Amino acid sequence: MTDDRPHDLFEAAREAMAKAHAPYSRFPVGAAIRDTDGNIHAGANIEVISFPEGWCAETTAIGHMIMAGASRIAEVAVIAEKLDLCSPCGGCRQRLAEFSAPDTLIHLCDAEGVKKTVRMDELLPLAFQTETIG
Ligand code: THU
């Protein structure tokens, strides 16, 4: 079961961060998603020499979740080696929101574990959403 400070999710994010390919920013990030079935999907940021073509840890983790056949996020942990409480960027907030509920939890970490938890609707208030598209 999950609690307010899920250490398994933190550890999965930290292990993923060790696989970051971030030779340009030298800013490794790890993210781990627990889907609503309880399974964990992790990812790291992956950069390329054409700088805008890289992507974030959260995006890698979402890709793994989708390819595993899951689609709903219960909670996410994010860790960055060089920034305590690293918060998902704007683009990743929208990507996470696509697969989240308003009460999906986003756990921000330091080197020791989860240090701050916010809800998706706190992380991305006034999110872009419309029934016009789908
Ligand atoms: N980055 C992430 O992976 N997730 C975030 O939430 C913030 C930023 C990455 C993108 C880039 O590879 C590096 O951190 C520096 O911006």
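Visitor: In which loop does Leu-85 lie?
Guide: Leu-85 belongs to the loop between strand E3 (73-80) and helix H3 (90-98). Helices (H or I, at least four residues) and strands (E, at least two) are DSSP runs numbered from the N terminus. Before we walk on, please note that this is a predicted model, where local features need pLDDT of at least 70 and side-chain atom pairs count only at pLDDT 80 or more, while totals for chains, interfaces and linings use all residues. Residues are numbered from 1 along each chain as its sequence is written, and side-chain values use heavy atoms, with hydrogens and water left out.

Visitor: Why is Leu-85 called partly exposed?
Guide: Its relative accessibility is 34%. Buried means under 20% relative accessible area and exposed means over 50%, with partly exposed in between (1.4 Å probe, protein chains only). Leu-85 is therefore partly exposed.

Visitor: What is the phi of Arg-26, and why does Arg-26 count as exposed?
Guide: Arg-26, in the loop between H1 and E1, has a positive phi of about 50 degrees and is not a glycine either. Its relative accessibility is 57%, so Arg-26 counts as exposed.

Visitor: Where is Phe-27, and what makes Phe-27 partly exposed?
Guide: Phe-27 is in the loop between helix H1 (7-17) and strand E1 (29-35). With 28% relative accessibility, Phe-27 falls in the partly exposed class. Along the chain, Phe-27 and Leu-83 are 56 residues apart, yet their C-alpha atoms are separated by 8.6 Å.

Visitor: Which residues are around the ligand?
Guide: Phe-27 is one of them, along with Ser-25, Val-29, Asn-45, Glu-47, Cys-56, Ala-57, Glu-58, Ser-87, Pro-88 and Cys-89. A residue is counted if one of its heavy atoms lies within 4 Å of the molecule.

Visitor: How many residues of that shell are nonpolar, polar and charged?
Guide: Six are nonpolar, three are polar and two are charged. Here Ala, Val, Leu, Ile, Met, Phe, Trp, Tyr, Cys and Pro count as nonpolar, Asp, Glu, Lys and Arg as charged, and the others, Gly among them, as polar.

Visitor: What is Ser-87 called, buried or partly exposed, and why?
Guide: Ser-87, in the loop between E3 and H3, has a relative accessible area of 29% and so is partly exposed.

Visitor: Why is His-41 called buried?
Guide: The relative accessible area of His-41 is 8%, so His-41 is buried. His-41 lies in strand E2 (residues 40-44), and its side chain makes a polar contact of 2.8 Å with the side chain of Asp-35.

Visitor: How do you know that Met-65 counts as buried?
Guide: Its relative accessibility is 0%, so Met-65 counts as buried. Met-65 is in helix H2 (residues 57-67), with its C-alpha 7.5 Å from that of Asp-35, 30 residues away in sequence.

Visitor: And what makes Ser-100 and Met-120 buried?
Guide: Ser-100 has 9% relative accessibility and therefore counts as buried; Met-120 has 4% and is therefore buried. Ser-100 is in the loop between H3 and strand E4 (105-109), where a polar side-chain atom of Ser-100 lies 2.6 Å from the backbone oxygen of Leu-96. Met-120 is in helix H4 (residues 120-123).

How values were computed: A polar contact is a pair of N or O atoms within 3.5 Å; within protein, one must be able to donate a hydrogen and the other to accept it, and residues adjacent in sequence count only if both atoms are side-chain atoms.
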